[in-house]
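Here is a friendly walk through one structure, for anyone meeting it now. Have a look at it before reading on.

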Amino acid sequence: MNDISRKNFLQIVKTFLAATGLAALAAPIVAFFYPSNLEETPSEPVNAGPVADLPLNESKIIKFGRYPAIIINTPDGIKAYSSVCTHFACLVKWHKESGEIICPCHDAAFSPKDGSVLSGPAPEGLTVFNVEIRDGNIFIGGAS
Ligand code: FES
């Protein structure tokens with residue numbers, strides 16, 4: 001049987017830790033110079049699922065290009081917005097009790113009717129995405 005000496009074992013552990021540390025440092029640099037190929041906003045409409053799965057006053061978050069989108073079934077129809085808050089880019093959430101889209105970071109509130117700012121520090125409203133219903137499915141398009 002081939003025994004590893006304590007010195008060799010420590011050398012292996014040291015090499016492993018150095019390699020993982022370098023990889024952890026290099027990953028964000030590589031990601032900066034070679035970003036993923038996700039489009040900022042998809043050029044083709046994205047299927048967000050059946051209308052029947054989104055009851056009135058409910059919401060869902062979908063992956064929409066590089067960032068998520070929030071879809072809300074409001075009394076005025078189905079609306080879709082970027083989930084990225086215009087203040088410091090936290091992800092907003094639907095708060096059905098108050099009927100507002102809320103940013104949990106600094107309490108900005110947005111209107112579910114048009115994404116406009118209702119209160120808080122957000123400098124502008126949420127980006128509005130086009131909504132189209134086709135064959136009972138919700139399709140989210142580019143910014144309108
Ligand atoms: S990041 Fe949304 S209110 Fe500050």
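Two strands count as paired if DSSP finds at least two bridges between them. Strands (E, at least two residues) and helices (H or I, at least four) are DSSP runs, numbered from the N terminus. What you see is a predicted model, in which local features need pLDDT of at least 70 and side-chain atom pairs count only at pLDDT 80 or more, while totals for chains, interfaces and linings use all residues. Residues are numbered from 1 along each chain as its sequence is written.

The domain assignment, which is automatic or taken from a database, gives domain 1 (1-35) and domain 2 (46-143). Their centres, taken over C-alpha atoms, are 43 Å apart.

Helix α1 covers residues 6-33, 28 residues in total. From first C-alpha to last it reaches 41 Å, close to the 40 Å expected; that expected span is 1.5 Å times one less than the number of residues. At A26, shortly before the proline P28, α1 has a kink of about 30°, the bend being the angle between axes fitted to the seven residues ending there and the seven starting there. How many residues of α1 are buried? The count is zero, and the helix is hardly covered. Here a residue is buried if 20 or more other C-beta atoms lie within 10 Å of its own, exposed if 12 or fewer, and partly exposed in between, with C-beta atoms placed from the backbone.

**The nonpolar core**

The largest nonpolar core has 20 residues. Such a core is a set of buried Ala, Val, Leu, Ile, Met, Phe, Trp, Tyr and Cys residues joined through C-beta atoms within 7 Å. The members that touch the most others are A69, I70, I71, Y81, V92, I101 and I140. At least two core residues come from each of β3 (67-74), β4 (77-82) and β10 (137-143), and β3 gives the largest share, four residues. In soluble globular proteins, nonpolar side chains tend to be buried together.

V92 makes contact, meaning C-beta atoms placed from the backbone lie within 7 Å, with residues including I70, I101, F110 and L126, leaving aside neighbours within four places in sequence.

**Strands side by side**

Strand β2 (residues 59-64) runs antiparallel to β3, joined by six bridges, and K60 stands opposite I71 of β3. The two strands form a hairpin with two residues between them, where G65 in the turn has a positive phi of about 70°.

N73 also lies in β3. It counts as buried because N73 has 20 C-beta neighbours inside 10 Å. Among the contacts of N73 beyond four places in sequence are L54, N57 and I78.

Elsewhere, four strands form an open antiparallel sheet in the order β5-β6-β7-β8. β5 (93-95) and β8 (117-119) are at the edges with a single partner strand each, so one side of each has no neighbour in the sheet. β7 (residues 109-110) pairs with β8 over two bridges in the antiparallel sense, and F110 stands opposite V117 in β8.

Neither residue below is a glycine, yet each has a positive phi.

Conventions: Contact = placed C-beta atoms within 7 Å.
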